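Subject: Structure handover

Hello,

Here is the structure I said I would pass on. My notes on what was found in it follow below.

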Amino acid sequence: MDIDNRQFGIFLYNSNHNSFKPSNFTRAKEDGIYLYGSSNNSFQACNASYASYRCVYLQQSSSWNTFTSSNFTNSLYYNHANIYLATNCDNNTFTYNNISRGTYHGLYLYDNCDSTNISYNYITFNTPYRDWE
């Protein structure tokens with residue numbers, strides 16, 4: 001699936017048990033991949049790049065999602081992380097991903113995002129701060 005130059009690359013609202021592989025979400029006017037209250041979704045070999053805000057944004061109890069062997073690069077708007085988890089987004093997994101060239105943090109977990117597995121990722125060149133918080 002290729003989605004280019006839309007408001008969102010993909011927006012899941014209270015949507016569960018979806019699988020995306022491989023997919024490209026490029027030049028989104030807001031977020032490349034946006035999950036709101038959505039759980040148990042899988043993204044494998046996906047590319048979300050050149051999003052105006054965030055490449056991946058999980059919000060409001062979006063839990064048990066898996067992101068594997070994907071590229072999340074070049075979030076464009078200042079002060080947005082390439083990957084941002086907010087408000088009770090627990091038990092998500094990020095493995096073997098390239099998370100680079102963000103304008104803020106590479107990966108940012110906010111407000112009770114517990115038990116997130118972040119392993120074997122390449123997280124680099126995120127400016128001006130640090131790669132994850």
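**The open sheet**

Six strands make up an open sheet with parallel pairing, in the order E1-E4-E7-E10-E13-E16. Strands here are DSSP runs of at least two residues, marked E and numbered from the N terminus, and two strands pair if DSSP finds at least two bridges between them. Strand E1 (2-4) and strand E16 (122-124) stand at the edges with a single partner strand each, so one side of each has no neighbour in the sheet. On average, and with direction ignored, neighbouring strands of this sheet are turned by 5 degrees against each other; the axes are lines fitted to C-alpha atoms, and angles run from 0 to 180 degrees between N-to-C directions.

Before the rest, two notes on the source. The model is predicted, so to read it: local features need pLDDT of at least 70, side-chain atom pairs count only at pLDDT 80 or more, and totals for chains, interfaces and linings use all residues. Residues are numbered from 1 along each chain as its sequence is written, and side-chain values use heavy atoms, with hydrogens and water left out.

**Strand pairs**

Asn24 has Asn47 in E7 as its bridge partner. On to the next strand, E7 (residues 46-49) and strand E10 (residues 71-73) run parallel and are joined by three bridges. Here Asn47 has Asn71 in E10 as its bridge partner, and Ser49 stands opposite Thr73 in E10.

Other strands pair as well. Strand E2 (residues 10-13) and E5 are parallel, with four bridges between them, and Leu12 stands opposite Leu35 in E5. E5 is also joined to strand E8 (residues 56-59) by four bridges, again in the parallel sense; Tyr34 faces Tyr57 in E8.

**Nonpolar cores**

A nonpolar core is a set of buried Ala, Val, Leu, Ile, Met, Phe, Trp, Tyr and Cys residues joined through side-chain atoms within 4.5 Å. Buried means under 20% relative accessible area, exposed means over 50%, and partly exposed lies in between (1.4 Å probe, protein chains only). The largest nonpolar core has 22 residues, and those with the most contacts inside it are Phe25, Ile33, Phe43, Phe67, Phe72 and Ile83. At least two residues of this core come from each of E2, E5, E7, E8 and strand E11 (83-86).

Phe43 shows what such a position touches: leaving out residues up to four places away in sequence, its contacts are Ile10, Leu12, Phe20, Ile33, Leu35, Thr66, Phe67, Thr68 and Ser70. Contact means heavy atoms within 4.5 Å. A second, separate core has seven residues, among them Phe8, Tyr34, Ala81 and Ala86.

**Asn41**

Asn41 lies in the loop between strand E5 (33-36) and strand E6 (42-44). Its relative accessibility is 2%, so Asn41 counts as buried. The side chain of Asn41 reaches two backbone atoms, the oxygen of Ser15 at 3.2 Å and the nitrogen of His17 at 3.4 Å. These are polar contacts (N or O atoms within 3.5 Å; within protein, one must be able to donate a hydrogen and the other to accept it, and residues adjacent in sequence count only if both atoms are side-chain atoms). Beyond four places in sequence, the contacts of Asn41 include Leu12, Leu35 and Trp64.

**Salt bridges**

How many salt bridges does the structure hold? There are two, a salt bridge being a side-chain nitrogen of Lys or Arg within 4 Å of a carboxyl oxygen of Asp or Glu.

One joins the side chains of Arg27 and Asp4 (2.4 Å, N to O). Arg27 is in the loop between E4 and E5 and Asp4 in strand E1, 23 residues apart. Arg27 is partly exposed at 43% relative accessible area, and Asp4 is partly exposed at 36%.

The other is between Asp31 and Arg54, with the closest N and O atoms 2.9 Å apart. Asp31 lies in the loop between E4 and E5 and Arg54 in the loop between E7 and E8, 23 residues apart. Both residues are buried, Arg54 with a relative accessible area of 10%. Arg54 is also 5.9 Å from His80, C-alpha to C-alpha, although 26 residues separate them in sequence.

Regards
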